[in-house]
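Open the model in your viewer and keep the selection panel at hand. The stops below say what to select next and what is there.

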Amino acid sequence: MVNNTPPRLRRAEVPAYLLEKHGIPIAFKTLNKLATTGGGPLITYAGRTPLYDIENLDAWAASKLSKPVRSTSEKRVA
């Protein structure tokens, strides 16, 4: 099986990747904000172009998901 996903994505490509791969909806504008304020996925740069490594996106997505629970009462409020 051939993996057609490039090793790095441009910011505009990240929302579709996170939704398709992890089921996490995130807006492009939210990524822009997180890039400024912090809390988003790690970023590398090619000159002025921000690039997101797939491995960093996957790690960030995993950090956003809770442990599996059987009911809403099991979910702990952070």
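The structure holds 2 salt bridges, a salt bridge being a side-chain nitrogen of Lys or Arg within 4 Å of a carboxyl oxygen of Asp or Glu. Side chains of opposite charge can pair when their charged atoms come close. This is a predicted model, in which local features need pLDDT of at least 70 and side-chain atom pairs count only at pLDDT 80 or more, while totals for chains, interfaces and linings use all residues. Residues are numbered from 1 along each chain as its sequence is written, and side-chain values use heavy atoms, with hydrogens and water left out.

Select R8 and D53. Their side chains form a salt bridge, 4.0 Å from N to O. R8 belongs to strand β1 (residues 8-10) and D53 to strand β3 (residues 49-53), so the pair ties together parts that are 45 residues apart in sequence. Helices (H or I, at least four residues) and strands (E, at least two) are DSSP runs, numbered from the N terminus. D53 is buried, at 18% relative accessible area, whereas R8 is partly exposed at 42%. Buried means under 20% relative accessible area, exposed over 50%, and partly exposed in between, with a 1.4 Å probe and protein chains only.

Next, select K21 and D58. The second pair is a salt bridge of 3.5 Å, N to O. K21 sits in helix α1 (residues 14-22) and D58 in helix α3 (residues 54-64), and this link between distant parts of the chain spans 37 residues. K21 is partly exposed, with 47% relative accessibility.

Now go to S71, in the segment after α3. Which side chain does the side chain of S71 join in a polar contact? The partner is S73, at 2.8 Å. A polar contact is a pair of N or O atoms within 3.5 Å; within protein, one must be able to donate a hydrogen and the other to accept it, and residues adjacent in sequence count only if both atoms are side-chain atoms. S71 is partly exposed, at 29% relative accessibility.

Finally, show the whole chain. The secondary structure comes to 3 helices and 3 strands, in the order β-α-α-β-β-α from the N terminus. The C-alpha atoms fill a box of roughly 45 × 40 × 15 Å along the principal axes. Of the 78 residues, 24% count as buried.
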